[in-house]
Amino acid sequence: MNYNLEEERNILSGCISQSTGYVRIAGIIKSKHFYDANHRMIFESIERVYDQGLSVDFFTVEDDLMKNNNFDKIGGAKGFVEATSTTATSANIESYAVTVKEYAIIRGLLQYAGQVQSMIDNGSNSQDIIS
């Protein structure tokens, strides 16, 4: 398994429940690192709220999701609460971010390896694959 949904939820919860949560991981992880599409949309909202100079909390992120027509896409209130309400401590948020990013790198490498394998299967020579 090349993802950890629980750690993704821990990141979202830590960003929303603690005022410094997002700041602590902003340099580590980006929305593209999230495996789950709903988690990615929520993290994008967290980024937007922060970039607007607003406090990142449950209400500001929910409002941003609604404004960007993503609230229903993530499953509405139920999906939002499920994705952001974990009991994990935000003390480990940096560790969660590193793990989620590492999984994203592994997924990228596996995708690239699959592309190389496809090129080999289709008769590409080594020069075609390298370039």
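**Around helix α4**

In this predicted model, helix α4 (residues 58-67) buries V61, E62, D64 and L65. Buried means under 20% relative accessible area, exposed over 50%, and partly exposed in between, with a 1.4 Å probe and protein chains only. An α-helix has 3.6 residues a turn, so residues three or four places apart point the same way. On the other side of α4, F59 and K67 are exposed.

What lies over the buried residues? The cover includes α1, α3 and α5. Helices here are DSSP runs of H or I, at least four residues, numbered from the N terminus.

Take α5 first. Its axis and that of α4 are 12 Å apart, at an angle of about 135°. Axes are lines fitted to C-alpha atoms, for helices over the stretch in contact, and angles run from 0 to 180 degrees between N-to-C directions. The two helices are therefore oblique to each other. Angles under 35 degrees count as roughly parallel, over 145 as roughly antiparallel, 65 to 115 as roughly perpendicular, and the rest as oblique. F58, V61, E62 and L65 of α4 meet F80, V81 and T84 of α5. Contact means heavy atoms within 4.5 Å. By class, this contact has five nonpolar, one polar and one charged residues. Ala, Val, Leu, Ile, Met, Phe, Trp, Tyr, Cys and Pro count as nonpolar, Asp, Glu, Lys and Arg as charged, and the others, Gly among them, as polar.

Now turn to α1 (residues 5-17) and α5 (residues 76-84). Their axes come within 7 Å and cross at roughly 95°. That makes α1 roughly perpendicular to α5. R9, L12, S13 and I16 of α1 touch F80, E82, A83 and T84 of α5. Here the classes are four nonpolar, two polar and two charged residues.

E44 and S31 are 13 residues apart in sequence and 5.8 Å apart in space, C-alpha to C-alpha.

Residues are numbered from 1 along each chain as its sequence is written, and side-chain values use heavy atoms, leaving out hydrogens and water. Local features need pLDDT of at least 70, side-chain atom pairs count only at pLDDT 80 or more, and totals for chains, interfaces and linings use all residues.
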